Amino acid sequence: MIEYRKITLNKPDNEESRKISGYACVFNSSSRDIGFTETVSDMAITEDTILRSDVFATLNHNPERVLARCKYGSGSLQLSVDERGLRYEYEAPHTSLGDEVLEAIKRGDLTDASFAFTINKEDPDSQKWEKRDGKYYRTIYKIDKLYDISNVWTGAYAEASSEIRSNTMQDYREEINKLENMIKEEELRSAEEEEKETKSEDTKEEDVKEEDNKEVEKKEESEDPKAEEEKEEKSDEKKEEKSDEEKEKEDDKEDRSNDKDKNIEVKKMIEKRFSLIDAINDVANNRSLDNVASKVNEIGTQEMRASGLSFGGQIQIPMTELRGNVTVAAEGEDVVATDLFDIVGPLRAKNVLVQAGAKFLTGLVGDVQIPIMSATNVNWAEETGAASDGASTFTNVTLSPKRLTAYVNISKQLLNQHSVDVDNMIRTDIIRAISSKLESTILGSAAGTTTQPAGLFYDQTPEVIADMSGIAKVEGDVEDANVYGDLKWIINPKFKAALRTMAKGSNIAQSLYENGEIDGTSALSTSNVGDELGVYGDFSQLAIGQWGAVDLTVDPYTQAKNGMIVLVVNAYFDAKVVRPEAFGFATTATE
């Protein structure tokens, strides 16, 4: 399903200019109501998204009325990603269509546009659906492909949008129905609990009435000595007749009655959203966390303790994905936390190493040994013969928690907004800070220490790439080591630019790098790789470990004079290469 979103055009810079530009998508900003409210995370579109997309600038989404084109990262349509969003720019062509669009924009008649995209619905980390206050909310964490950026006439857009929505809401309805079913199941459980507690109240009232009746009977019988004597005789006879099974039932009933007495009040279920902004504000102003934030913090603290890690921050955000499963009892209410902080999903979507296939192991406890399987671990044996002793050939690598620290500066004015969009922006900043630091360290060249993992390029001599033979050598060396996994390249943008100017051969016009691939092999680009460097291999042979929660320290003093609060982010990771021969290294630098 291709989805369409409304955007706003920028007018040309001046009367002479034919340049049309603007933002096709603004990150972390809520959409208008399209049956639900949508937010596109700043992790949803990356340079790699552009490189795997063939994007047209059109009029009214008409593929026959093309104004410009960006084919896998290059062409007359320029697309780029910055902190604000997806930016586009193109020169209106010197055609009747180009002149028509340009004139309409300058006159202010053509003011709107839309962009088309798809997501991978099979990927659970690509999007998240929620329901708050009776309304549906969707957050997109990863866009699979972009299709077009289309100028549309304002009057026609509303009608076209209506037609698009009527055709595509069935696809959204499937996701919304899943969400509604989850909510109904939770409501049913709540109703059952309420019914049980109501019955407990009724049972208690009946017990009280029965006790009162017994007191009255007792009083009447005490006035009649003969009646009291008869009652005692009957009671003794009845006790003797009771079987062991009946006594057991009575004991069990008494235990249940005692349990019910502890929950006399019927509790009301309400939903409350976990707000990171409110939690930070509470700490900065020396206030206690609200009951939902306290519960989330408690779970984060339990994660840290279970991992055997020390922590000193005021807020611990769990790394396990939490949805509606945090329940807090306070003042006669059950508070069900919604929209809880999810770090693992977006972190997986953002990190280029995970995209390349690295093993991402979360929720670890203590040091973890990863066994290494090699040819020396495998032997032939007779049908009934004993397996060879592998003690002398068994090897492994050990992952140990190492503290990753990052700083996020937040203005006090921003913290006072209490907006869902601002809350999501701060969350995204935290995830981006963790991912960027983790990625740059693993893809770096520093030696490993007790406090940080070694970089992949440490103690490596990259092959200098001047033509196709250099690429072939790097790939051949890895494959010659019997590495047959899902092989990929991770490269620096300057490495990619250099390969674009290199032909595959003297008689072949194709470049070494085209359409997001190096000679047919997928290549992911990130500036976290050193200048003009690239690494090729089976990234499933790279293990990334994570321990405990994210520890947040709120520092309201260091940047107080600048009106800022410093958020110190501490998380625990490690990374180790399981099979070094699974990777080859290259550079386009000739010096």
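Helix α2 has a buried set made up of Leu97, Gly98, Val101, Leu102, Ala104 and Ile105. They span an arc of only 165 degrees around the axis, so they sit on the same side of α2. Keep in mind that this is a predicted model.

**Helix α2**

- On the face turned away from the buried side you'll find the exposed residues Ser96 and Arg107.
- The length checks out too: α2 runs over residues 96-107, and at 1.5 Å a residue its 12 residues should span 16 Å, which agrees with the 16 Å between its end C-alpha atoms.

- As background, most residues other than glycine have a negative phi.
- You'll find asparagine 286 in the loop that links α6 (276-284) to α7 (291-306).
- Asparagine 286 counts as exposed because its relative accessibility is 68%, and the cut-off is over 50%.
- Aspartate 459 also isn't a glycine, and its phi is positive, near 60 degrees.
- The loop between α11 (420-442) and β21 (463-464) is where aspartate 459 lies.
- Aspartate 459 has a relative accessible area of 67%, so it is exposed.

Note on methods. Residues are numbered from 1 along each chain as its sequence is written. This is a predicted model: local features need pLDDT of at least 70, side-chain atom pairs count only at pLDDT 80 or more; totals for chains, interfaces and linings use all residues. Side-chain values use heavy atoms; hydrogens and water are left out. Helices (H or I, at least four residues) and strands (E, at least two) are DSSP runs, numbered from the N terminus. Buried means under 20% relative accessible area, exposed over 50%, partly exposed in between (1.4 Å probe, protein chains only). The expected span of a helix is 1.5 Å times one less than its number of residues. The arc is that of the directions from the helix axis to the C-beta atoms.
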